[in-house]
Amino acid sequence: MTAWRVVRPGPIDNGPLERSRVAVPEPGPGELLVRVLACGVCRTDLHVAEGDLAVHRPGVVPGHEVVGEVIELGPRADAEFAVGDRVGIAWLRYTCGACRYCLRGAENLCPNSRYTGWDADGGYAEFATVPADYAHPLPDGYTDAELAPLLCAGIIGYRALQRASLPDGGRLGIYGFGGSAHLAAQVALARGAEIHVMTRDPKARELALALGAASAQGAADPPPVALDAAILFAPVGELALPALTALDRGGVLSIAGIHLSDIPALNYERHLFQEREIRSVTANTRNDAREFLAFAAQHRLEVTVHPYPLDDAARALSDLAHGKFAGAAVLVP
């Protein structure tokens, strides 16, 4: 089968991905083998390719927003899925289930956790495997390409929104407006929030306003109102300062990314006093995924996708790095 592997982690323009012919993987105990129908292109894939996230498996196949059709069940993988089912493969691939984090329902903090497209091969390929316990049933009413970004961009945006503790009817600031942000914004709007978007990309500002944002301005510009909560999606630590400055008393800044450039020195009175908070977001739990996908089944989300053939995976990742589209890129074998 065709697969793209990270062979030389480094700047995307230096070609860290290599197109290869590899054997179709075999499902192990408790695993499903799926034929990949679509795979989203996530900024985390870019961080793995460029080495911002240290390689866990040399030559790993990236991609963790995978929509696939089950074509084979491994031994003891007979609980929920059958051959022919459409399933989702997300970032979280394994947790131990026994540590104190898992036992308290915080499996996203499990120190033994493993991840698709980082610890194990992902969806930049024609076939992939997934532990059945970590595969997700998918909502109806969406194309394969539309479903793919829901499986990380949607789920992590949902968790970031939960971490922001936005009050009912509150004012939410969103910094950066890519694949994850444009989905989280719709969840917040459906809950009655007022949205203000800060992003450098004029096309993204247009998309934000089309989806119902009350305002859209430059990445570091002040919003027209004080914010009850904010989410930083752009991996730019410098934006934490204007985001904190924009918060009203008691406001929370949630940082959604797995990688962030350094945050400059904070001024306590300007950025944190009056009980403002900063909260990080680390992966997600399977319960986050179930809640978000159930929301997507009940509320039709507008998913802005840009399809690329699998053969153009390197170009899709480069286009993401250079901000050439608003929304989410999706590979379609």
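Predicted model: local features only at pLDDT ≥ 70, side-chain atom pairs only at ≥ 80, totals over all residues.
**Exercise 1. Describe the largest pocket: what is its volume, and which residues lie nearest its centre?**

Step 1. Take the volume. The largest pocket holds about 1,100 Å³ of space.

Step 2. Find the centre. Arg 43, Gly 178, Phe 233, Ala 234 and Pro 235 lie nearest to it, out of 50 lining residues.

Step 3. Assign elements. Two or more lining residues come from each of helix H1 (43–50), helix H3 (144–163), helix H4 (179–190), helix H9 (313–321) and strand S17 (328–332). H3 contributes the most, with 4 residues.

Step 4. Sort the lining by class. It has 31 nonpolar, 15 polar and 4 charged residues.

**Exercise 2. Describe the second largest pocket: what is its volume, and which strand gives the most to its lining?**

Step 1. Take the volume. The second largest pocket has about 260 Å³.

Step 2. Find the centre. Of 17 lining residues, Pro 131, Ala 132, Asp 133, Tyr 134 and Ala 135 are the closest to it.

Step 3. Assign elements. Strand S9 (135–137) and helix H8 (286–298) each supply at least two lining residues. S9 gives the most, with 3 residues.

Step 4. Sort the lining by class.

How values were computed: Residues numbered from 1 in each chain as written. Heavy atoms only, no water. 1 Å grid on protein atoms, 1.4 Å probe; cavity = no way out; pocket = protein on both sides within 12 Å on 5 of 7 lines; lining within 4 Å. Points joined across faces, edges and corners; volume = space filled by probe spheres on them. Nonpolar A, V, L, I, M, F, W, Y, C, P; charged D, E, K, R; others polar.
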